[in-house]
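Below are some short notes on this model, in numbered points.

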Amino acid sequence: QNLASDYEEMKTHEYYETEKLDGTSSTFYLNQGEFGVCSRNWELFETETNTFWRLAREMDLENKLKQVPYNVSIQGETIGEGIQGNPYKIKGQTVRFYNVFNIDKQEYLNFEEFKHFISMLGLDTVPIITGSFQLPDTIEEMIKSADGKSDLNPSFDREGVVVRSLDRKISFKSISNKFLLNEK
């Protein structure tokens with residue numbers, strides 16, 4: 001709804017669409033040889049009880065990022081048991097990735113590079129709804145298109161969608177009204 005003044009111009013771009021997962025944001029980076037883990041707003045110290053660090057170690061993210069020939073950060077949604085009520089009904093916890101940022105170039109990898117990067121590291125992306133998406137005629141239609149079932153658990157109404165331009169210069173989310181109504 002806050003894109004009204006830019007929406008017509010935004011329709012001239014090509015996009016891809018992913019499911020917005022109901023979890024908690026996490027970032028993992030390797031910069032100048034230093035590996036780090038962050039929640040949405042904080043860089044985290046490694047402790048035995050920290051979920052983000054435990055997942056980083058279980059997924060061997062530090063060693064995987066060391067294979068990359070540039071400084072990099074990867075962002076994902078941590079989901080599973082004990083997180084947001086685990087609407088996906090998965091066992092344990094995991095991270096599904098949605099962004100790769102080349103720190104040296106100060107830019108996000110485009111859609112094809114992102115998919116290749118995550119695949120090469122043996123990681124999973126958030127569910128990709130479509131790799132070729134055109135914005136609907138109206139914002140109201142865009143909001144309505146956010147409704148749908150989760151790819152991870154078809155008995156759960158997805159939180160919404162995230163729409164990104166293929167070149168990664170535009171990104172926004174559309175939250176499902178059905179999801180919002182079920183949250184009350």
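1. The buried residues of α4 (buried: under 20% relative accessible area, 1.4 Å probe, protein chains only) are covered by elements including β1 (15-20), α3 (61-66), β4, β5 and β7 (128-133). Contact here means heavy atoms within 4.5 Å. Helices (H or I, at least four residues) and strands (E, at least two) are DSSP runs, numbered from the N terminus.

2. The model is predicted: local features need pLDDT of at least 70, side-chain atom pairs count only at pLDDT 80 or more, and totals for chains, interfaces and linings use all residues. Residues are numbered from 1 along each chain as its sequence is written, and side-chain values use heavy atoms, with hydrogens and water left out.

3. Phe111, Phe114, Phe117 and Ile118 are the buried residues of α4. They sit on the same side of α4 because their arc around the axis is only 130 degrees, taken from the directions from the helix axis to the C-beta atoms. Ser119 and Met120 are exposed (over 50%) on the face turned away from that buried side.

4. After α4 comes Gly122, with a positive phi near 70 degrees.

5. The sheet is open, with five strands in the order β3-β2-β4-β5-β6 and antiparallel pairing; two strands pair if DSSP finds at least two bridges between them. β3 (34-38) and β6 (107-108) are the edge strands, each pairing on one side only.

6. Nine bridges join β4 (residues 72-80) and β5 (residues 93-102) in the antiparallel sense. Ile79 has Thr94 in β5 as its bridge partner.
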